[in-house]
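Dear colleague,

Please find the structure below. My notes on its salt bridges and on one helix contact follow.

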Amino acid sequence: MQPRIPRQSAEEQDSRRSEQRDHDENDPGLSAELAAALSGARRRAVRDGDRQIDSAHLLHSLLESDPEVRALFDGGPHMARLLGYLVQRSIGYGLRWQGTVEDSGAVPVVTEPAGFSPLAAGALEYACARAALRGGEPARGVDLLAAIVVDRQARAVEVLTRAGIDAGELSARIDVLPSSR
């Protein structure tokens, strides 16, 4: 079996890294919960054999690692269904996404960080900008979730919809959080 991702020389990788802002768990602009979510999303994408981290990977990891994000979903049957869809991604649901790039065109074009879909990269940039508006504190998981749910073409929004969760209502709950202002 051949690898899905073409091999790059060390020189190509170094030049690509210098051109991109790479968000990782060591980025001081990210909260500990958001850094843990990014790390988890990277592991999940690799394990699932996906070429890039997309919004569904990010949503799944946010739900696992960030209590503030989990609290927005109010538990219940919709939450169980949502987690079920996210877990099934690698064994059936979501297989049609493999080999494709998540990019709806709704998020402004940004230089794509290594390993992120264009939509996920734009969402991360938006999350950091949203945090900057609060006085420069680190971006939180809720900031990233806010960025993800506004794009109706995001894979995460598709999963939310299938689970019976309205992304617009979720966005409204995020906007009224005291720490979102």
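A salt bridge here is a side-chain nitrogen of Lys or Arg within 4 Å of a carboxyl oxygen of Asp or Glu. The model is predicted, so local features need pLDDT of at least 70 and side-chain atom pairs count only at pLDDT 80 or more, while totals for chains, interfaces and linings use all residues. Residues are numbered from 1 along each chain as its sequence is written, and side-chain values use heavy atoms, without hydrogens and water.

The structure holds nine salt bridges. In one of them, the side chains of D54 and R155 meet at 2.8 Å, N to O. This pair links distant parts of the chain, 101 residues apart: D54 is in the loop between α2 and α3, and R155 is in helix α8 (residues 155–162). Helices are DSSP runs of H or I with at least four residues, numbered from the N terminus. D54 is buried, at 1% relative accessible area, and R155 is also buried, at 8%; buried means under 20% relative accessible area, exposed over 50%, and partly exposed in between (1.4 Å probe, protein chains only).

R130 forms a salt bridge with D143, with the closest N and O atoms 2.6 Å apart. R130 lies in helix α6 (residues 118–133) and D143 in helix α7, so the pair ties together parts 13 residues apart in sequence. Both R130 and D143 are buried. They belong to a network of salt bridges that also links E68, R134, E137, R140 and D175.

Within helix α8, E158 and R162 lie four residues apart, about one turn of the helix, and their side chains meet in a salt bridge at 3.8 Å, N to O.

Yours sincerely

Note on methods:
Helices (H or I, at least four residues) and strands (E, at least two) are DSSP runs, numbered from the N terminus.
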